[in-house]
Structures are given as C-alpha cells and as structure tokens.
Amino acid sequence: MAVFVNGVEISDHAIHAELQYHPAGSVEEAREAAARALVVRELLLQAAGRLGIERPDPLEGAAGARETDDEALIRALITREVATPEPDDATCRRFYDNNLQRFRSADLFEAAHILFPADPEDADACAGAKQRAAAALAQALEQPRRFAELAQQLSACPSAAQGGNLGQITRGQTVPELETFLFNLEPGQICPVPVKTRYGYHVVRLDRRIEGRQLPFDAVRDKIADYLREHVWRRAVSQYLQLLVGQAEIRGIELDGARTPLVQ
C-alpha cells in the first residue's frame with residue numbers, strides 16, 4: 001500500500017527500493033523502516049520548500065561518497081532550523097565527574113594457558129580434552145615452574161611456542177568464559193580447575209595485573225564535548241521531526257515517535 005505525506009505519494013516501488021538500506025528481522029519490519037525513512041525525507045524536503053531554502057552544493061564525505069542533491073538540501077534545512085548549544089567546560093566537567101568509570105585506561109592482564117581443543121558439540125572429544133587438561137593441571141599445580149614446559153609440550157595454541165604466554169590482554173579481548181576465571185585470579189596463581197570454553201579446555205595462569213588509571217579531564221574533554229554535541233543534536237533533530245509529523249497529514253503508516261524513533 002502506498003504512503004502519502006501531505007498528499008504526496010510515496011509509492012510501493014520507492015519503498016521496495018529503499019528496503020536494502022534497512023536490514024531487519026522480517027520483511028514487514030524492513031518495509032516499515034524503509035517507509036518511515038522516506039516519510040521523514042519527504043517531510044524535510046517539503047519543509048525546505050516552504051521555507052524557500054536554496055539547495056547548496058553537495059559535500060563529499062568519507063571514501064569519496066558524495067551527498068545527493070536532496071541530502072544537501074536537508075542538511076541546509078537542519079542547519080537553519082535546528083540550533084543546539086555548544087557544550088561548555090562546566091557541562092563537560094559535570095559529565096566527566098558523573099561518569100568517572102568511562103574515563104579509565106583499561107586494566108591489563110598478563111597470562112598464560114595450555115589449550116586442549118575440543119568441539120563443544122562432540123561429547124567424547126570434550127570428555128577427553130577435560131581429562132587431559134585435568135592431568136596437566138595436576139602437574140602444573142605440583143610443579144608450577146614447569147608450566148611453560150608443559151605448554152610447549154601439550155598446548156594446541158600457537159602460544160605454546162612462547163610457553164603458553166598470551167601477552168597483555170584487556171577485557172573483551174578473549175572469550176567471556178575464560179575471562180570469568182582469569183580476571184579473578186591473583187598474580188602468579190594457576191586456576192584450580194580446567195576452564196571450559198568454546199575452544200576446549202584450558203589450564204590458565206595469571207602472571208600480572210596492571211590496574212588501569214583514571215584519565216585526567218583535560219585528556220578527554222574534547223571527546224566528551226563531541227559526545228554531548230552529537231547527543232544534543234540528535235535529540236533536537238528528533239524533536240524537530242516530531243513537530244513536522246504533528247503538522248502533517250500522513251496516510252498509510254503510523255509514525256509513533258515513542259515506539260519507532262525518527263532519528264536512529
């Protein structure tokens with residue numbers, strides 16, 4: 001079914017052509033997202049026409065991508081109609097003080113492991129890998145200084161060549177199952193149980209923990225300002241679009257800003 005914006009038709013063909021830019025869980029969801037995007041574009045173009053805004057020259061973006069004429073006109077409209085305050089030092093400082101954990105350097109962990117691989121879907125392989133890991137763990141706990149030797153002899157990971165040494169890692173650089181155990185060990189401690197992950201079973205040792213440090217405000221002030229500027233701009237544009245929707249006659253689709261935000 002076609003959609004109409006103040007009497008201007010957005011055809012099924014146009015909506016279908018727009019689908020490729022709106023991946024979704026179903027065709028219906030993709031169609032709704034595509035139609036919504038085209039309605040928003042039409043509302044903005046109509047507003048630019050009513051205000052007599054001249055079409056500027058298109059800008060060239062990243063990787064040589066160039067604005068279309070419609071995109072350039074919409075940019076000029078938004079620039080004229082949506083004014084947002086520039087975040088000052090006091091605002092940035094307040095955001096910094098209220099979000100200190102966001103502005104810390106990452107904790108670093110130096111660790112080593114011995115990997116016994118197994119397909120998680122293969123029960124027999126998992127049982128065998130677990131048994132071999134338990135035997136290696138018993139040796140490592142009895143003779144901790146042999147850890148590197150055991151890794152070189154037994155581990156299926158390329159790190160075996162370095163005695164199982166994984167180097168410095170941060171949270172998110174390895175699988176969550178391993179992190180749960182690894183990051184709760186004390187430096188020098190070998191995990192007392194084999195650790196199961198999607199790759200198999202691991203014998204794990206934490207060698208060193210380097211705590212992250214609080215980054216000073218001056219080092220992150222510009223990033224905070226960029227974030228706040230973008231956040232405020234998106235909110236202001238969304239409010240402007242809601243105003244246009246409220247003033248328009250739209251048929252063929254419901255634009256519920258609370259349910260389907262107009263600015264993603």
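**Terms and values in the model**

Me: Which residue in E6 is the bridge partner of Pro 117?
Reply: In strand E6, Pro 117 has Gly 200 as its bridge partner. This is a predicted model, in which local features need pLDDT of at least 70 and side-chain atom pairs count only at pLDDT 80 or more, while totals for chains, interfaces and linings use all residues. Residues are numbered from 1 along each chain as its sequence is written, and side-chain values use heavy atoms, leaving out hydrogens and water.

Me: How do you know that E3 and E6 pair?
Reply: Two strands (DSSP runs of at least two residues, as helices are H or I runs of at least four, numbered from the N terminus) pair if DSSP finds at least two bridges between them. Strand E3 (residues 108-117) and strand E6 (residues 200-210) have ten bridges, in the antiparallel sense, and therefore they count as paired.

Me: What joins E5 to E6?
Reply: A hairpin through two residues joins E5 to E6. Strand E5 (residues 195-197) pairs with E6 over three bridges in the antiparallel sense, and Thr 197 has Gly 200 as its bridge partner in E6.

Me: Why are E2 and E7 said to stand at the edges?
Reply: The open sheet has three strands in the order E2-E1-E7, with antiparallel pairing. Strand E2 (8-10) and strand E7 (250-251) each have a single partner strand, so one side of each lacks a neighbour in the sheet. Strand E1 (residues 3-5) pairs with E7 over two bridges; Phe 4 has Arg 251 as its bridge partner in E7.

Me: Why is Ala 160 called buried?
Reply: Its relative accessible area is 9%, and buried means under 20%, with exposed over 50% and partly exposed in between (1.4 Å probe, protein chains only). Ala 160 is therefore buried. Ala 160 lies in the loop between helix H6 (147-154) and strand E4 (165-169). Leaving aside neighbours within four places in sequence, Ala 160 is in contact (heavy atoms within 4.5 Å) with Ala 151, Gln 152 and Ser 155.

Me: What makes H2 roughly perpendicular to H8?
Reply: Helix H2 (residues 27-51) packs against H8 at an angle of about 85 degrees, with axes 10 Å apart. That angle makes the two helices roughly perpendicular, because 65 to 115 degrees counts as such, under 35 as roughly parallel, over 145 as roughly antiparallel and the rest as oblique. Residues of H2 including Val 40 and Leu 43 meet Tyr 240, Leu 241, Leu 244 and Val 245 in H8.

Note on methods:
Axes fitted to C-alpha atoms, helices over the stretch in contact; angles between N-to-C directions.
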